[in-house]
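Dear colleague,

I am handing over the structure below, and my notes on it follow. Please read them alongside the coordinates.

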Amino acid sequence: MADDDVAEGSGSEAGYGPEGGTGRRFAGRVALVTGASRGIGLAIARRIVAEGGRVVLTGRSADTLAEAVAGLGADRALGVAGKADDAEHRAEAIARTIERFGRLDHLVNNAGISPAYGPLAGLETGVARKILEVNVIAALEWTREAVAAAGATAGSALRSVVNMASLAGTTSATNIGFYGVSKAALINLTVQLSDELAPATRVNALAPAVVRTRLARALYEGREEEAARAYPLRRLGEPDDVAGPAAFLLSDDAAWVTGQTLLVDGGASVRAAW
C-alpha cells in the first residue's frame, strides 16, 4: 500500500546518476509526477532528476511542494499545487509543464487516497465514490490529457506511464478493502490503456506492499517489527525501493514492456496463507 502526496520519508538518497552507475536515462526528458511532494512520488522525482531529467510535481500543499522543488533544484523541477481529481488543476499542471520545459515524456500517476479503515460493511458510499474518483478516474483523466497535450507538442509524444497500484489490489486487504478494490481497477485500467495507447505510449503499474509513508502509517505504526516479519526480506519498504522500479518502467530500458504490473513487495506475495 503506497502513494499519495501526503506520504512521508524518502529513504536513502545514495548516488544515482553517472557516479551511481545508473546513467542518465532521462537526459532531455520531462516527467510529471502526481502526489509528489513527499514519500514515493518525491523519491521517484528525485531519481528522475538524478538521471538527467526534469520534473513537474503535483500535490495538495503548496508549501510542501515548494520544499520539494527547492531540494530538487528550481532549474530542474516545478511544483503545481492542487487536487488530483480536479479538472482545472490537471489542465494547469500539464499546461505549465509544456510551457516551462517544452515537452512531456513521462507520467507517474502516484496520487491516491485511503480515507477509510475498517470492514466494507461500515464503508460510507460517498467515501467509496471519492476513493474511485481519486485512485482510478483521475489516473485515467491525467493519462488522456497528458497524451493529448504531449501529442500536440512538436516533436514530442508521451512515451510512458506508470500507475501506482498496490499489493492490496491483488488480494484481500484487511481494513483497507475498498482501497484494494480501487487498485484492482487501476491494474485493469493499466492493461486496457496499454493496448489502446500502443505503440506510442507504454503503460505499466507498480504494486507495492507496505511502504513506510504517512498514507500507510496505520498499517505498521507501533508494531513495525511485527509487520516486517510477514515479509521474507524482513523489513517494510522505503520510498526508494519503489523509485528504482518506477525509473526502470518509465525508461527506455523497459522499451518492450507494457501492460504489466510489477509487485514490489519484499517477497510478501510468495508466501501461502497456510
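Gly102, which follows α4, has a positive phi, near 85°; helices here are DSSP runs of H or I with at least four residues, strands are runs of E with at least two, and both are numbered from the N terminus. This is a predicted model, in which local features need pLDDT of at least 70 and side-chain atom pairs count only at pLDDT 80 or more, while totals for chains, interfaces and linings use all residues. Residues are numbered from 1 along each chain as its sequence is written, and side-chain values use heavy atoms, with hydrogens and water left out.

At the start of α4, a side-chain oxygen of Asp86 comes to within 3.1 Å of the backbone nitrogen of Glu88. The buried residues of α4 are His89, Arg90, Ala93, Ile94, Thr97 and Phe101, where buried means under 20% relative accessible area and exposed over 50%, with partly exposed in between (1.4 Å probe, protein chains only). Seen down the axis of α4, these residues fall within an arc of 125°, so they line one face of the helix, the arc being that of the directions from the helix axis to the C-beta atoms. The face turned away from that side carries the exposed Glu88 and Glu99.

In the largest nonpolar core, which has 31 residues, those touching the most other members are Ile44, Ile48, Val55, Leu57, Leu72, Leu206 and Val242; such a core is a set of buried Ala, Val, Leu, Ile, Met, Phe, Trp, Tyr and Cys residues joined through side-chain atoms within 4.5 Å. Its largest share, seven residues, comes from α2. Apart from this core lies another, of 29 residues, among them Leu78, Ala93, Ala146 and Val161.

Best regards

Notes:
Polar contact = N/O pair within 3.5 Å; in protein donor to acceptor, adjacent residues only side chain to side chain.
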